[in-house]
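Here are some notes to read alongside the model, written as numbered points.

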Amino acid sequence: MTPSSTPLKQLPAWQALEQHAAAMSATTLHQLFADDPTRGERFTAEAAGIFLDYSKHRVNGDTLKLFFQLAEESGLAARRNAMFSGEKINITEKRAVLHVALRAPKGESILVDGKDVVPEVHEVLDKMAAFAESIRSGKWLGYTEKPIKNIVNIGIGGSDLGPVMAYEALRHYTDRDLTFRFVSNVDGTDFVEAVRDLDPEETLFIISSKTFTTLETMTNAHSARTWSLAKLKEHAAVARHFVAVSTNAAEVSKFGIDTANMFGFWDWVGGRYSMDSAIGLSTMIAIGPDNYRAMLAGFHEMDEHFRTAPLEKNLPVLMGMLSIWYNDFFDAQTVAVLPYDQYLKRFPAYLQQLTMESNGKHVTLDGRVVDYQTGPIFWGEPGTNGQHSFYQLIHQGTKLIPCDFIGFCQSLNPLGSHHDYLVSNVFAQAEALAFGKTPEQVKAEGTPDWLVPHRTFEGNRPSSVILADKMTPAMLGKLVALYEHSVFVQGAIWQIDSFDQWGVELGKVLAQRIIPELQSEAEPDLKHDSSTNALIRRYRAHKRK
């Protein structure tokens with residue numbers, strides 16, 4: 001489904017935004033706040049327990065009207081409804097896009113090709129819950145009848161980034177009698193270090209691969225099986241120490257895993273949208289089925305907000321349009337996501353795949369090369385660490401970097417005044433970025449004239465503050481869904497397919513061709529360029545040393 005038959009830059013709202021951006025570029029945040037004393041209260045929105053302050057952005061009422069006009073001209077609502085109703089909006093793979101079905105409550109109905117998928121979702125969730133409880137209670141025994149104490153998730157991409165991010169984000173709620181490790185990199189170091197201090201008799205591996213053929217995942221899986229059997233000896237032990245998240249029963253069985261312990265999902269779930277599918281099995285074991293279902297409820301609450309809220313109050317719409325505003329009209333190439341919560345230390349890395357694999361596209365849905373910028377680069381680190389690392393560039397560098405500050409009113413680990421100090425930095429950094437420090441203010445502090453330029457802050461650097469009460473399983477679901485739907489909004493406006501990822505395939509294909517050449521004595525394939533062949537020869541020569 002094409003969001004609009006009219007090329008994006010020919011839409012009236014886009015052209016109006018181009019003219020408006022020229023005017024707004026000459027307006028400062030200092031002036032916007034001076035002209036409107038209530039701006040800090042008015043340019044906010046709240047839903048599902050998340051408060052968004054977007055007052056420190058270079059926007060006014062006219063900007064917002066044009067945002068919403070552009071959303072309407074682009075057919076955003078129709079495309080959103082098509083997604084929720086199970087239409088195959090991933091046109092290049094002819095698939096529905098239904099991560100929202102993964103968190104739909106029992107009793108709801110979402111059809112794909114005339115079939116209600118919600119009962120299947122809950123059937124898998126119930127199977128996951130039963131298995132998770134058997135591990136957590138100690139009822140599931142390994143091959144030598146010892147209970148499982150260690151869980152190692154082996155996957156890559158969404159099959160790793162989601163589980164490891166969720167585990168770190170919800171560590172406060174995890175069973176501390178269990179040890180969790182995550183292996184993704186085909187670099188053998190990743191696996192070796194993950195299992196170095198583990199006992200195979202007490203270790204369970206979750207192999208997460210939809211096809212059960214992913215090179216990195218299956219290489220690590222075979223190494224895990226070899227490591228396990230070095231002590232357990234009997235091949236039958238594999239069935240007690242390995243489970244699969246996959247759809248390929250034949251390959252799972254061939255590996256030695258009992259297909260009764262295979263947890264499935266569907267082709268309408270993209271990898272980067274799969275953390276709340278069976279890919280989240282390690283998460284459910286870590287936090288328990290009740291907390292996992294609370295997380296799903298948080299996802300669903302944000303889904304419903306995105307689906308039903310008017311544009312002007314819709315958090316994902318506001319965030320998505322702001323991202324487009326800076327990416328396409330102010331030449332901002334990146335977005336910094338800055339969570340002021342140590343538990344969210346892997347959240348920026350998770351968002352990198354979600355945002356950049358989704359919207360890193362250079363052609364529209366109908367195959368036309370775009371003549372505008374699409375997906376910005378997402379990056380970040382937790383505060384306050386980043387303040388002593390890269391904030392210097394954000395404050396006084398030459399690049400415009402919009403920032404998302406994420407903070408919580410309550411700490412899960414109250415310790416003296418730590419949390420007040422933490423949150424004070426959220427508000428202070430946003431204020432400093434917006435208003436800076438003028439040469440006059442610097443001089444008034446007694447600074448010598450020669451030093452004044454170095455201590456001056458231009459300000460006028462945009463940021464959002466996302467504030468919630470506390471980091472809970474439900475809140476994690478809401479935050480992830482907030483960014484998922486913001487990505488959707490951007491893709492719909494840019495008229496691109498946010499749900500395929502052909503760009504990751506070429507390198508994989510070439511790697512499969514090069515692997516045997518690295519292990520051969522024959523001359524490399526002349527189909528390679530001279531650089532690649534020279535690198536192959538050099539690697540082989542030094543590998544033998």
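Predicted model: local features only at pLDDT ≥ 70, side-chain atom pairs only at ≥ 80, totals over all residues.

1. In which sense do strand 1 and strand 2 pair, and over how many bridges? The two are antiparallel, with four bridges between strand 1 and strand 2 (residues 50-53). Pairing here requires that DSSP finds at least two bridges between the strands.

2. Residues are numbered from 1 along each chain as its sequence is written, and side-chain values use heavy atoms, with hydrogens and water left out.

3. The open sheet has six strands in the order 1-2-13-12-10-11, and its pairing is mixed. Strand 1 (44-47) and strand 11 (377-379) are at the edges with a single partner strand each, so one side of each has no neighbour in the sheet. From one strand to the next, the twist averages 15°. Strands (E, at least two residues) and helices (H or I, at least four) are DSSP runs, numbered from the N terminus.

4. Helix 17 (residues 418-435) lies across strand 12 (403-408) and strand 13 (463-468), and runs at about 155° to strand 12. Axes are lines fitted to C-alpha atoms, for helices over the stretch in contact (heavy atoms within 4.5 Å), and angles run from 0 to 180 degrees between N-to-C directions.

5. Now to the rings: the structure holds 27 aromatic pairs. Rings of Phe, Tyr and Trp (its six-membered ring) pair if their centres lie within 6.5 Å; planes under 30 degrees apart are stacked, over 60 edge-to-face, and the rest tilted. The F84 and F306 rings have centres 6.4 Å apart and planes at 45°, so this pair is tilted. It links helix 5 (residues 76-84) with helix 13 (residues 289-308), F84 and F306 being 222 residues apart.

6. F212 and F255 have ring centres 5.9 Å apart and planes at 90°, so they are edge-to-face. F212 is buried at 3% relative accessibility, and F255 is buried at 3% as well.

7. Ring pairs also link W14, F67, W325, Y326, F329, F330 and Y372 into a cluster.

Methods: Buried < 20%, exposed > 50% of the residue type's maximum accessible area, 1.4 Å probe, protein only.
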